[in-house]
Amino acid sequence: MESKAPVKPAIRDLSNINIDWVLKSDQPLCKNGQTATANYTGKFLGDEKVFDSNTDPKYHHVEPFEFAIGQGIVIACWDYVAARMPPASRARVLCPYETAYGVAGYNNIPGGADLVFDFEMISCE
């Protein structure tokens, strides 16, 4: 069987990403290429059913998540938010499907799913 690379979603419009601030610090913004350290809980828009979290032991990876900002390692929505979210900030973030996992989906996330993340930017270096 032929192996296929994961399908990257077509990013149509990042302006549809919504950041609803819970706490916005006055620290300098993180920059592309820096390593962000964050906590998150991902939910489906609508029913808010949790599909992943690095703060809930149920998901077996309770430790801060690290990723390089702006390098395409995470979904486009996260790169967008990480570049606009100062360390020591928390927000609820709406990621339209085209900035998340697109029409293909990923693991337990169906294609076309709009997502909501409770996102905490701990630090960036």
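Helices (H or I, at least four residues) and strands (E, at least two) are DSSP runs, counted from the N terminus. This is a predicted model, where local features need pLDDT of at least 70, side-chain atom pairs count only at pLDDT 80 or more, and totals for chains, interfaces and linings use all residues. Residues are numbered from 1 along each chain as its sequence is written, and side-chain values use heavy atoms, with hydrogens and water left out.

Start with β2, residues 35-44. Of its 10 residues, 9 are buried. Buried means under 20% relative accessible area, exposed means over 50%, and partly exposed lies in between (1.4 Å probe, protein chains only).

Now look at the partners of β2. Two strands pair if DSSP finds at least two bridges between them. β2 and β6 pair in the antiparallel sense over 9 bridges. There, Phe44 has Leu115 of β6 as its bridge partner. β2 also pairs with β4 (residues 65-68), again antiparallel, over 4 bridges. With β3 (residues 50-53), β2 forms 3 antiparallel bridges. Lys43 stands opposite Val50 in β3.

Next comes the turn from β2 to β3. This hairpin has 5 residues between its strands, and Gly46 in it takes a positive phi near 110°. Glu48 lies in the loop between β2 and β3. Its phi is near 60°, a positive value in a residue other than glycine. Glu48 counts as partly exposed because its relative accessibility is 33%.

His60 has a relative accessible area of 73%, so it is exposed.

Now turn to the interior. A nonpolar core is a set of buried Ala, Val, Leu, Ile, Met, Phe, Trp, Tyr and Cys residues joined through side-chain atoms within 4.5 Å. The largest one here has 29 residues. Those with the most contacts inside it are Phe67, Trp78, Val81, Val93, Leu115, Phe117 and Phe119. β2, α1 (76-82), β5 (89-95) and β6 (115-124) each supply at least two residues of this core.

Finish with Phe119. Contact means heavy atoms within 4.5 Å. Leaving aside neighbours within four places in sequence, Phe119 is in contact with Ala38, Asn39, Tyr40, Phe67, Trp78, Val81, Met85, Ser89, Arg90, Ala91 and Val93.
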